[in-house]
Amino acid sequence: MNRKIAGLVFVTTVVVAALAGDASAQNSPGIAALDASLRGAVERKDVPGVVALVTDRKGVIYQSAFGVADVSTGRPLTADALFRIASMTKAVTSAALMQLVEQGRISLDDPAEKYLPELAGLKLLEKFDPATGNYSVRPVTKKPTVRHFLTHTSGLAYPFTSAVWRDLKPRAGETYPFGGPLLFEPGERWHYSTSIDVVGRLVEVVSGQKLEEYFRQHIFAPLKMDDTSYNVPEAKGPRLVAQQQRAIRLVVAVSPRRRATTGASCACSSTTASWMARAS
């Protein structure tokens with residue numbers, strides 16, 4: 001994490017802790033301190049803009065917005081701005097599956113292929129020569145379970161977390177579900193991956209609903225997350241925060257799968273997506 005941003009997070013956390021313990025937070029010096037900290041981060045150009053919300057069980061203690069929603073136009077950032085939450089969608093998808101586990105409709109230790117036949121007969125990469133592109137695979141000796149996909153221990157990867165996945169070109173006629181051959185036996189170790197894509201598909205198959213429909217009915221509606229969705233409705237477009245990128249060397253691999261949006265947003269596949277969610 002950028003040191004300046006890390007410092008901002010630390011200062012903000014300390015102030016938030018003070019506010020949470022102050023019964024008269026609205027009149028607390030902590031409010032002025034938090035305003036100054038967040039405004040200062042924008043003025044120093046640590047961040048283009050920031051929205052902050054502090055609540056306790058009784059309600060909102062603090063809420064404010066500083067900076068711009070779009071650097072190119074200078075459009076002011078507002079408290080009801082919509083942000084892309086990228087891979088935070090994974091947390092929503094995982095919560096959805098855990099609801100189904102609680103209901104006894106799926107078990108963490110079930111082989112995932114019980115619900116997704118395309119996962120039967122998975123192959124594990126034995127050798128790969130990046131210079132020639134030659135590789136060899138073999139059948140896995142252990143079937144990945146639902147738990148393995150929830151915990152990123154399935155053996156899957158992402159092109160941006162694995163040079164092998166990035167560079168390997170499957171031979172004609174070879175297909176690999178959810179991206180490529182496994183890098184290791186399921187459960188052997190942790191590797192950030194497309195595993196939650198599988199989790200999202202499991203939610204769809206077990207529930208009989210499309211992922212967004214399931215999210216809406218069982219998570220977003222009960223929590224009154226009315227601004228969280230895969231796509232931003234036209235009427236809410238002006239509230240969308242433009243994507244910004246610092247001048248650093250960054251290699252990004254974009255999945256061809258659909259992504260979703262909420263007043264924040266998250267990265268997922270045809271089942272999980274880059275969500276736009278409300279900041280407040």
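Predicted model: local features only at pLDDT ≥ 70, side-chain atom pairs only at ≥ 80, totals over all residues.
Two residues are in contact here when their heavy atoms lie within 4.5 Å. Helix α3 covers residues 89-102 and helix α6 covers residues 195-207. Two packed helices are described by the angle between their axes and the distance between the axes.

**How the two helices cross**
- The axes of α3 and α6 are 9 Å apart and meet at an angle of about 40°.
- Angles under 35 degrees count as roughly parallel and those from 65 to 115 as roughly perpendicular, so α3 and α6 are oblique to each other.
- The crossing of α3 and α6 is left-handed.

**Who touches whom**
- From α3, the contact draws on Lys 90, Thr 93, Ser 94, Ala 96, Leu 97 and Leu 100.
- Facing them from α6 are Ile 196, Val 199, Gly 200, Leu 202, Val 203, Val 206 and Ser 207.
- Sorted by class, this contact has eight nonpolar residues, four polar ones and one charged one.

**A closer look at α6**
- At 1.5 Å a residue, the 13 residues of α6 should span 18 Å, and this agrees with its end C-alpha atoms, which are 18 Å apart.
- Helix α6 is mostly covered, with 11 of its 13 residues buried.
- Among the buried residues of α6 are Asp 197 and Glu 204, along with Ile 196, Val 199 and Leu 202.
- The buried residues of α6 pack against α3, α4 (146-150) and α7 (211-220).

Note on methods: Residues numbered from 1 in each chain as written. Heavy atoms only, no water. Axes fitted to C-alpha atoms, helices over the stretch in contact; angles between N-to-C directions. Helix = DSSP H or I, 4+ residues; strand = E, 2+ residues; numbered from the N terminus. Parallel < 35°, antiparallel > 145°, perpendicular 65-115°, else oblique. Left-handed = near helix turned anticlockwise from the far one by under 90°. Nonpolar A, V, L, I, M, F, W, Y, C, P; charged D, E, K, R; others polar. Expected span 1.5 Å × (residues − 1). Buried < 20%, exposed > 50% of the residue type's maximum accessible area, 1.4 Å probe, protein only.
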